[in-house]
Amino acid sequence: MLAGGLHGTASTSGFYTGDLIVFTTGLLITALLLVLTLRAAKLPGTPLVNIGFAVCAFLWSAGGLARSVCSAVGVSSHAQAALVCRAIQYSAAAAFPVAVLALWRPYAATPRQKAAAGMLRNLACACALALSAYFWWTALHDAPRGTFHFMQVATASSAALLLLAGAAVSLPRATTPRPVYLPSLAIVVAVWGAAITLPMADIAAPASHLSAMMLFIGMHLVMLVVLCAFFLFARFRFADLFVRYGVRILLAGLWASMLAFFAQSGFLAHVSGQMTAPGAMHVFAVILLGGVLLLSFTVVDDRLGRAVNRWLFRPPDYRGATRQLGNRLAALHEEQEIAAAAETAAVEGLHLRGARVAALSDLPPALGTAPLADGELVELDYADPLHAHLALPGVEVLIPVHAGGAVTHVLMVAPGSARPGLVSHDLNFLRAVAAQVGNRLDALHREREAIERQSREAHLLRQVAEAELRALRAQINPHFLFNSLNTIADLIVRDAAGAEAMTLRLATVFRHVLAHSSRSMTTLREEVEFLRTYLYIEEARFGDRLRVTIDVAPPAASQPLPSLILQPLVENAMKHGLGPKPGPGNIWITAAIEGDHVVVKIEDDGMGPPDAPVAPDGCHGLQNVAGRLQTVYGELASVHLAARPGGGACVTVRIPRLENAG
């Protein structure tokens with residue numbers, strides 16, 4: 001049909017086929033547009049105008065398809081059915097500028113421009129009423145139809161002129177956002193193209209080459225107008241998907257039209273007629289072209305889709321923005337900081353007017369927030385009473401934030417009128433932002449719970465350790481007291497002055513014990529001074545038989561250690577080592593730093609340990625010391641009993657060294 005050689009039945013059939021394909025494609029796109037626009041009627045903005053635009057586009061395609069069907073089944077173009085279809089189609093075309101001008105009017109900058117935009121809209125309404133009245137009067141009455149084609153040209157011309165004037169008045173280049181200005185310019189150009197081609201298709205001879213070409217070009221220009229206008233003003237979450245699939249449907253219609261034109265063209269019929277088997281050649285050529293078009297469809301559709309997405313939507317790098325937000329949130333430890341970072345990421349990433357993270361508990365549950373608690377995204381109607389309870393004005397979308405297995409917060413989003421409505425990839429990004437916030441809040445709560453749990457455990461361990469220390473100290477103090485009282489009792493009989501001195505020294509010892517009863521730790525210097533006083537008391541029992549040597553290295557003197565930890569060891573040395581030994585005995589007490597430990601040795605030259613190894617718990621005093629060291633230091637400290645090389649026993653105590661002691 002596009003090549004030469006059009007004639008007879010093939011030409012007429014090709015005209016009808018192309019006509020049906022073009023209008024069917026348009027009907028599919030505009031039906032999808034109308035359904036999704038009706039679904040979005042609850043959103044803020046101008047929903048009635050959006051619906052009006054979608055209805056005009058749908059009626060144009062429906063009227064054109066019905067008129068093509070009438071022509072295909074042999075109904076005359078002057079029959080009433082065909083005229084009603086034409087009236088539907090061109091009434092929609094006459095009303096189309098009214099919707100577009102109303103959509104453009106908010107972008108007028110000055111009062112004069114706003115007034116001019118209002119006048120143009122009123123003029124468009126008047127033209128639409130007059131033209132529609134004429135088309136319907138002509139269709140429903142037996143009236144002269146000589147001026148019908150003239151009115152079609154007038155409809156297309158008035159639409160083009162009104163839109164050109166409206167763009168000049170309402171869309172000043174300096175103040176109109178780029179995402180609005182460029183599609184609007186495309187609308188004006190496409191409408192002018194359709195205004196030229198579609199009347200030519202009607203005026204040209206029916207079923208002619210020129211008529212088919214003009215109709216083909218004009219209808220695709222109308223679909224471009226629909227897509228561009230829809231991108232600008234329709235507001236629902238799948239707007240980008242609509243444009244994407246609308247372009248795909250449009251491309252499929254174009255490919256189908258090309259195949260139909262080729263299959264029914266006179267050129268193919270002429271070439272096939274020269275072959276021995278014309279029918280087989282005709283089928284082969286159609287299948288070959290169909291395969292080429294089918295294979296090329298994926299490539300063209302992919303490139304065209306990316307071009308449309310880049311030109312119309314210009315989406316930022318959402319994946320990179322989400323990753324950066326996650327890295328930023330990982331360094332934050334306060335809920336207010338996390339919320340502020342998420343709000344900034346949402347506003348800067350989508351150029352929103354505002355975003356706010358709020359606790360779900362701050363929203364009144366009686367005003368339709370139940371879906372949020374179930375994890376559903378909520379779109380607010382512009383008349384929703386919940387707006388009065390939100391700290392952020394103009395909120396359109398509420399996105400739930402999950403933390404700890406439940407919805408705890410809400411991301412409120414206010415796009416503002418300066419940008420197109422949120423589309424699916426925008427909402428996916430906002431969902432990712434909400435997920436990042438929820439993950440960080442969840443991690444923060446776990447961190448706080450872990451810190452609190454560790455604090456409670458540490459407090460309990462301190463309480464247990466203090467209880468164990470008090471119990472162990474209670475075992476030591478009475479034991480020492482009983483030995484000292486027995487010694488005083490012996491001295492009273494044979495040495496009253498010695499008993500008095502012994503009593504004073506015992507008082508000194510117990511003053512030290514009482515002073516350290518509330519202290520779990522002391523220094524090695526204080527512990528050695530206590531041992532000196534203690535050994536003064538023991539001298540009363542042993543007399544000249546006991547000789548004590550104490551040697552503490554100065555770096556070790558300031559090291560901390562559990563209080564009263566050495567006295568039981570000295571007591572064991574005298575009781576089990578020197579007590580049974582006849583004659584004098586010696587006790588050596590030494591302390592020094594060895595690497596990361598303080599090493600204290602208590603040696604005696606008494607009877608020595610038994611032949612079998614003696615564990616620390618083999619003696620009551622050693623058991624107490626080992627228990628206290630285990631409580632305070634765990635496996636880092638030890639107490640060891642062994643035979644002394646020169647005879648007797650040696651107890652070695654190793655405790656961790658404190659670097660900054662002193």
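This report describes a surface patch, a sheet with its neighbouring helix, and several salt bridges.

## About the model

This is a predicted model, in which local features need pLDDT of at least 70, side-chain atom pairs count only at pLDDT 80 or more, and totals for chains, interfaces and linings use all residues. Residues are numbered from 1 along each chain as its sequence is written, and side-chain values use heavy atoms, with hydrogens and water left out.

Helices and strands are DSSP runs, numbered from the N terminus: helices are H or I with at least four residues, strands are E with at least two.

## A nonpolar patch

Five names make up one patch. Leu-161, Leu-164, Trp-192, Ile-196 and Met-200 form a nonpolar surface patch of about 450 Å². Helix 5 (148–170) and helix 6 (178–203) are the elements that each give two or more residues to the patch. Helix 6 supplies the largest share, 3 residues. Leu-161 sits in helix 5.

Patch residues have over 30% relative accessible area and no salt bridge; like charges are joined within 9 Å, and nonpolar side chains (Val, Leu, Ile, Met, Phe, Trp, Tyr) within 5 Å. Accessible areas come from the Shrake-Rupley method with a 1.4 Å probe, and for residues only the protein chains shown count as cover.

## An open sheet and its helix

Four strands form an open sheet in the order 1-4-3-2, with antiparallel pairing. Strand 1 (354–359) and strand 2 (378–379) are the edge strands, each pairing on one side only. Strands of a sheet pair through backbone hydrogen bonds, either parallel or antiparallel. Here, two strands count as paired if DSSP finds at least two bridges between them.

Strand 1 and strand 4 (residues 406–414) run antiparallel and are joined by 6 bridges. Ala-359 stands opposite His-409 in strand 4. Helix 12 (residues 335–350) lies across strand 1 and strand 4. Helix 12 runs at about 150 degrees to strand 1. Axes are lines fitted to C-alpha atoms, for helices over the stretch in contact (heavy atoms within 4.5 Å). Angles run from 0 to 180 degrees between N-to-C directions.

## An exposed loop residue

Asp-317 lies in the loop between helix 10 (278–313) and helix 11 (318–330). Asp-317 is exposed, with a relative accessible area of 54%. Buried means under 20% relative accessible area, exposed over 50%, and partly exposed in between (1.4 Å probe, protein chains only).

Asp-317 and Phe-429 are 112 residues apart in sequence. In space, their C-alpha atoms are 9.9 Å apart.

## Salt bridges

A salt bridge is a side-chain nitrogen of Lys or Arg within 4 Å of a carboxyl oxygen of Asp or Glu. By this rule the count is 8. Glu-334 pairs with Arg-448, with the closest N and O atoms 3.8 Å apart. This pair links distant parts of the chain, 114 residues apart: Glu-334 is in the loop between helix 11 and helix 12, and Arg-448 is in helix 14 (residues 424–494). Glu-334 is partly exposed at 39%. Arg-448 is also partly exposed, at 32%.

Arg-440 forms a salt bridge with Glu-447, the closest N and O atoms being 3.3 Å apart. Arg-440 is buried, at 8%, whereas Glu-447 is partly exposed, at 33%.

Arg-654 and Glu-594 meet through their side chains in a salt bridge of 3.5 Å, N to O. Arg-654 lies in strand 11 (residues 649–656) and Glu-594 in strand 8 (residues 585–594), so the pair ties together parts that are 60 residues apart in sequence. Arg-654 is partly exposed, at 29%. Glu-594 is partly exposed too, at 38%.
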